[in-house]
Amino acid sequence: MSKHEKIIKASDVMQALETLAPPELAAEWDSIGLSIGHPDQTVQKVLLALDATYEAASQAASQNCQMLITHHPLFFEPIQSIREDICEQEVAICLIRSGICLASAHTNLDAAPGGVADSLCDALELAAEDRQSIGMYARAGLLPRPMALSELRRFVTEKLGSSGCRLNTDMNHEVERVGIFPGSFSADEIDSLMTMNLQCVITGEIKHHVGLMLAARGISVIDAGHDVTERVVLLPLAEKLSKMLPQISFAVMDGLDYNRVAF
């Protein structure tokens, strides 16, 4: 870095991140923002990951990053100790020892224009001009073409790199208008769907009884995996941050394919 280039601090990265994902969009219970490190930490390299795992922290350290940005926060509740024999706290200790700041943009990134929900719509090629918000964190829209449910499952699997999708029905009906719910789908959303003429919900995970409730109402579900429905935001987010802060580099973690873990 030449003497004429501006030194970028963690606070500058946070300002850019919060421009894209305003904190006021976050749910009250959420834990977002800078959670480890100092706002004045000089930053030259940033790694983006879905979760603050030990693997993410190690990769950030091995790539000489000064900052790790994740979608899911490391801690949701106050901690009473800092211990290396507790996995989550071991991650925090690793980051602190490596001089790496940790920040997260969670429900604020879910809700933000161009955030997780819109990134999932883009990945599934939903028509931009017909998208409609469902609450703060979901979207409804038209597929690029009508598809049988079996074809749509293959389409979603391919586009998201999922190792497999679950369905809530064996009825191979035609689908054109879908609801997009990154991460997970809650029964609280069912009433809002009934007036929207949706044939299918595409989400990351859903409880068995909620899937049955939707099937009884004629709405199919494609459960693609929590991780694959949210990790689609990481590359677009890195590209946007790179344009805002071209003096530093942003990379996306190779990551774990959580869907390949057998539960």
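Buried means under 20% relative accessible area, exposed over 50% and partly exposed in between, computed with a 1.4 Å probe on protein chains only. By that rule, helix H10 (residues 234-244) has Leu234, Leu237, Ala238 and Leu241 as its buried residues. This is a predicted model: local features need pLDDT of at least 70, side-chain atom pairs count only at pLDDT 80 or more, and totals for chains, interfaces and linings use all residues. Residues are numbered from 1 along each chain as its sequence is written, and side-chain values use heavy atoms, with hydrogens and water left out.

**Helix H10**

- Seen down the axis of H10, the buried residues fall within an arc of 100 degrees, so they line one face of the helix. The arc is that of the directions from the helix axis to the C-beta atoms.
- An α-helix has 3.6 residues a turn, so residues three or four places apart point the same way.
- The cover over the buried residues of H10 includes H1, strand S2 (45-49), S3, helix H4 (107-111) and S11.
- Helices (H or I, at least four residues) and strands (E, at least two) are DSSP runs, numbered from the N terminus.

**The five-stranded sheet**

- An open sheet of 5 strands runs in the order S1-S4-S3-S2-S11, with mixed pairing. Two strands pair if DSSP finds at least two bridges between them.
- Strands S1 (33-36) and S11 (249-252) stand at the edges with a single partner strand each, so one side of each lacks a neighbour in the sheet.
- On average, neighbouring strands of this sheet are turned by 25 degrees against each other, direction ignored. Axes are lines fitted to C-alpha atoms, for helices over the stretch in contact, and angles run from 0 to 180 degrees between N-to-C directions.
- Helix H1 (residues 10-20) packs on the sheet and touches S1, S3, S4 and S11. The direction of H1 makes about 20 degrees with that of S3. Contact means heavy atoms within 4.5 Å.
- S3 (residues 67-70) pairs with S4 (residues 101-104) in the parallel sense over 4 bridges. Leu68 stands opposite Leu102 in S4.

**His71**

- His71 is found in the loop between S3 and helix H3 (87-97). His71 is buried, at a relative accessible area of 1%.
- A polar atom of the His71 side chain lies 2.8 Å from the backbone oxygen of Ala105.
- The side chains of His71 and Asp110 are joined by a polar contact of 3.2 Å. A polar contact is a pair of N or O atoms within 3.5 Å; within protein, one must be able to donate a hydrogen and the other to accept it, and residues adjacent in sequence count only if both atoms are side-chain atoms.
- Beyond its neighbours within four places in sequence, His71 is in contact with residues including Ala49, Leu50, Val116 and Glu230.

**Strand S9**

- S9 (residues 200-203) is covered on both faces: Cys200 and Ile202 are buried on one side, Val201 and Thr203 on the other.
- S9 pairs in the parallel sense over 4 bridges with S8 (residues 174-181). S9 also pairs in the parallel sense over 4 bridges with S10 (residues 220-223).
- Val201 stands opposite Gly179, and its bridge partner in S10 is Val221.

**Gln41**

- Gln41 sits in the loop between S1 and S2. Gln41 counts as partly exposed, at 26% relative accessibility.
- Gln41 and Arg145 are 104 residues apart in sequence and 48 Å apart in space, C-alpha to C-alpha.
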